[in-house]
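Here is my note on this model, as numbered points. Please read it with the structure open.

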Amino acid sequence: MFGFGTTNSLTMDKPHPESLLDSAVQGSIGRPFDRIDGPSKVSGTATYAAEYPVDNLAYGFLVGARIGAGTLISIDADAVRSMPGVIDVVTDLDRFIRVAGQGGETQPPTQGVRDIAFMGEIVAIVVAESYEAARDAALRLPVTYEAGEGAYAFAAARAKSYVPPDGVTPAHFNQGDVDAAMAEAPVTIDATYVTPSQNSAAMEPHASIAVWEDDGSLTLYGAYQMPSTDASQLAKCLGLSAKKVRIVSRYIGGGFGSKLGIAPESVAAAIAAKQIGRPVKAVMARQQVFEATVRRSNTEQRVRLAATRDGKLTAIGQESLVSNQPGEDFFEPVGIGTHMIYSGENRLITHDQVPLNLVLSGSMRAPGEAVGMIGLECAMDELAERLGMDPIVLRKTNDASVDPEKGVPFSSRSLSRALDEGARRFGWARRAGPGEARDGEWLIGMGVASAVRGNMLMESSAKVELRPDGTATISSSMTDIGTGSYTILAQIASEILGLPVDRITVALGDTNDPPAAGSGGSWGAGSAGSAVYLACEMLRGKLAKAMRVEDSALTLKDGMAIGNNRSSPIGEIVGDGLEAIGHIKPGKQEKATTQASFGAHFAEVGVNRVTGEVRVRRMLGVFAAGRVLNAKTARSQCLGGMTFGIGAALTEELLHDPRNGKLVNRDLAEYHVPVNADVPQLEVHFLSERDVHANPIHAKGIGELGISGAAAAIANAIYNACKVRVRSFPVTLDKLLPGLPDL
Amino acid sequence: MKSFAYERAETPEAAVRDIDGATARFIAGGTNLLDLMKLQVETPTKLVDISRLDLASIDRRDDGGLTIGALVPNSDLAADPQVIAGYEVLSRALLAGASGQLRNKASTGGNLLQRTRCYYFYDTASRCNKRSPGSGCDAIGGVNRILAVLGTSPHCIATHPSDMAVAMRALDATILTLKPDGDRRRISIHALYRLPGDTPHIETVLEPGELITHVELPKPVAGRQVYRKVRDRASYAFALVSVAAIVAVEEGRIASASLAFGGLGPMPWRNAAVEAALVGQAPSADAFAAAADALVADARGYGANDFKIPLARRTLIATLRDLTGA
Amino acid sequence: MHFTINGRGFDADVDIRTSILDLCREHLGLTGAKKGCDHGQCGACTMLINGRRVNSCLTLAVMHQDDEIVTIEGLGQVDDLHPLQQAFVRHDGYQCGYCTPGQICSAAGMLDEITRGWPSHVSDDLAKPSLDDDEIAERMSGNLCRCAAYPNIVDAIREVGSAAPAGRTADAKDAAMAEEIVA
């Protein structure tokens, strides 16, 4: 569909130094606009997946396996089929998906549920006239299994670790000789950090309404971050051509990676709907979201640092063990940020996979950096102490001017600036020595950590239409999972087309619209935003032609086109209307530069000297991620990331019974995401930056930068407060107690 | 949730008449019962709705004590000026529990009878002697960081989750009930709960169909009151350890002490030896340590919850320091 | 069964097991209240029943036939927003929006509780609670927000509760953010 007369396509093969967002004069871009979808969200009228009114709807409730590993022998559907309201028990042992899809995959996830690979695997769906009847029957459905051998305990299974295929980062990377550098260096750190499995715990459970149309196509109202590739996954699972599947995801109640690929409820709903000849709604129970969607892998990271006495790193080693189900390729890319954050000649960054019969490991907010920066940045804190150096000075000493492995320049990099600006704003100079500051029963400490998150551009397109009434519409299969896509896309169009934001309508989350990469990996704004930019650039050219001026001589502002000594309402020069499709694709810039956003976290915590309870008292994040498109929504993204860091540092941990893999804390009462009282007034500061290598809007991803390093800053603050170094996360009070002073 | 017959009772007498058979349940706030029914941990065949009974007032008695209706919501009880003035530990304990929404629904009587939050109790695929007598206990040898270190048995190591009931134990509350045969009885809170032994599914001395109608508090006692709750989040989390304490110091000596503990045992915990170690003593580190030693003398950890023993010691000692200024 | 919701009468023939939340979402087309956990552990389903905030997932519809139920749809509409709804928009007191109706209903109930003098876990003086950050954060802790708009939620509620500190009103925050972007 690309390359026709209405498409403006760009491959990022070279820098894009000029941006219309700088030369345009509407004044929309960057401003802290309120979300354009705000009123519908606060009034409860925004429509999430399970809320589309559909006639003749039946309710599905999923059934998860209650053994840890083995084989499904039988499902006694007759035992529940006669219960009042029950329509049918549906299963498809070949086509049901055993695990959720991974983000961006166009191939289906592992299918087939005869083999039980983990407790919670979805094996059937009970369909009934009411939700209550479906739930009851699903819980009572007799399923028999033959128990098999499973590996549930990380400690026991680690001996079976293997090298997984390369993913977004190489499984194994070696440069120079870390062992030798460690042997030679005057100051070294060799410490092992452990992080637990985590759950994204988006507030909206995974949900699908499957509707088969008369032409044999499927419409699925789903909670999906990447509808275009998800439609492809779903189509292949069902044996349909991709064109026969439409996914609609107008509003998504949070994703954080857990909704990148299709989840079991989508396939189950689609198969059930086909079988009973009615639309089926399937919403996962919260316990099922925990048990049967996706987890962030636990990690064990051996971090080795070697340094000269003046703090120059000579070696960085981060050797990680992670886990996933047997046969699944994805590995948590722990070291992805370590590759590019600090200089140091000798480098060893490895990932080995431990096969475990637990729910699938996949992407959760900042896969890699979110956990890898915990190990690395805590080790940097330990190194600074051993060197007798300020931890900020140590980090600045090792700030890399070019990619330390590839030798190419960074597209933009403001790490040292972020550290300095943060130190000034946070009052870092007031930091006392470990265990020295106290406020009543509370021991007070400050900590710092660097933040890095790789930037990605993903092929995306968007259509922009200009109408004779002077309004514009943007449409794309891009999604807004809470990031602010609706609003920033309107701001980009507003800026370039010279239309007030309230004259722009944005339609997202429908695969009938031009395909985009959706939301994930913090690529959404840069990718879909560039697509909108390119569409508007083309429209601007058409408006210039209509005004009979050179592009450069046209000014668009407040709905008026100005040039050639005249001005005209834009709606009056578009004829019956104009439309253009913008299309962006990654190119050579990806390799010519290393692209990442950078920042620094500062945390002040109190550790209760009686109980070991930890409270975050203050936190500041200073971030540089290219152009900020909306100061308000960007700040909110960072607040969210930092709060994920608080959870990772202090409370979040999936607990699996090592005897059978049962996830014991499979609800929001016992899987502790931070509550309001855990989070103080966080501060966020953006450094001004433009990234001309990233894309034409010069913006980089921001949604995951806020979590990178955040937990490490808190753990480092805990050490500074109480002089207890806990290397096993989360830092719960039981781990601090043994090191606290006697009463 | 299995289906059930539903009746709304208009009087307590009608309520206990309506409750026929061991598989019927009273429902008031429903915040715990419906939670468990959705998972089919509880499967009553009949619900008797007692939420409209006239049992929602808080009245001062002539003896200076308070009579609290079993249907008084936790929010109202916590905010009641008489409770704040005379029983601050109760108000504090209530406010430390659950959330504003849950406290608005949860009733006084229901709170006393909350079921454990043990992970294995909550999953019908796990073995649990409390849920399914005789099936075994997956918590022993399983994931048990949040579970009990006092009063456990080889059959059950569950904790009682209530904060309110801990304060009520420190306050020597009395439970008033109405039985299906029309008899009324008074049960000291100290006699309400049973240790698990080999029947962990029987948690109280209440008989089938016996309805809690009121809770009586004796008239306020001398001393400072505090409820200290230690938990994994700053709010909206169950106690790892909690202490409800009322301590009076006169002429340099501890004149009286009433101490109850949450998060440690299968019931709100109280141990006379802890108080005996304090009363008559001058507030001192030694006296506090003796009390703490008495508390944990019979404590037993199950691995991941071992930490509760030193945590309980430390929390008690710090609480006593705060209350006595020592 | 007959219900009064947002001042309107509704008749519905529903399963005895139906929660108020499912009644509204699945039978009455009132999908504003959200289901996040169905167990009273997230607060997304918060509604006002007889003026009090409660978890609508944890209460049976059949038990509330005589009560006044208010959902987010009853607080305000897109073109006629309640002050709390406006404040959440201005302060970006949400991101994905899924917990938002529950947050706003909870905030409405919570402000009323403060007016009535109800204390909280963090009140120094149980008889005289105030409306500061700690109080709001504690009282709103029954409403999880995984996007973590908590600081903005606190600000939004303070501004409606007329206790916003200087610099923390929506206008002042917007001005500071705009200035930072220009700089």
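1. A term to start with: two residues are in contact if their C-beta atoms, placed from the backbone, lie within 7 Å. By that rule, residues 24 or more positions apart account for 57% of the contacts in chain C with a separation of 6 or more.

2. On provenance, this is a predicted model, in which local features need pLDDT of at least 70, side-chain atom pairs count only at pLDDT 80 or more, and totals for chains, interfaces and linings use all residues. Residues are numbered from 1 along each chain as its sequence is written, while chains are lettered from A and ligands numbered from 1 in the order in which they are written.

3. Chain C has 7 helices and 5 strands. Here helices (H or I, at least four residues) and strands (E, at least two) are DSSP runs, numbered from the N terminus. Along the sequence, the pattern of chain C reads β-β-α-β-β-β-α-α-α-α-α-α. The radius of gyration of chain C is 17 Å, close to the 16 Å that the globule rule gives for 183 residues, so chain C is as compact as a globular protein of that length. (That radius is taken over C-alpha atoms; the globule rule is 2.2 Å times the number of residues to the power 0.38.) The C-alpha atoms of chain C fill a box of roughly 60 × 40 × 25 Å along the principal axes.

4. Chain C splits into domain 1 (2-75) and domain 2 (83-182); such bounds come from an automatic or database domain assignment. Taken over C-alpha atoms, the centres of the two domains of chain C are separated by 24 Å. Their contact uses 16 residues from domain 1 of chain C and 15 residues from domain 2 of chain C. On the domain 1 side, strand S3 (46-49), strand S4 (52-55) and helix H2 (72-75) of chain C each give two or more residues. S3(C) gives the most, with 3 residues.

5. Now the chain A and chain C interface. Here 55 residues of chain A are in contact with 56 residues of chain C. Helix H2 (38-42), helix H4 (131-140) and helix H17 (631-650) of chain A each supply at least two residues to the chain A side. H17(A) gives the most, with 8 residues. The chain A side divides into 27 nonpolar, 17 polar and 11 charged residues. For these classes, Ala, Val, Leu, Ile, Met, Phe, Trp, Tyr, Cys and Pro count as nonpolar, Asp, Glu, Lys and Arg as charged, and the others, Gly among them, as polar.

6. Chain B also touches chain A. That contact takes 23 residues from chain B and 25 residues from chain A. Helix H12 (residues 308-324) of chain B provides the largest share of the chain B side, 6 residues.

7. How many residues of helix H5 (residues 88-95) of chain B are buried? The count is 7 of the 8, so H5(B) is largely enclosed by the rest of the structure. (Buried means 20 or more other C-beta atoms within 10 Å of a residue's own; exposed means 12 or fewer, partly exposed in between; C-beta atoms are placed from the backbone.) Among the buried residues of H5(B) are B:Ser91 and B:Arg92. The packing partners of its buried residues include helix H3 (74-79), strand S9 (224-230) and strand S10 (241-250) of chain B.
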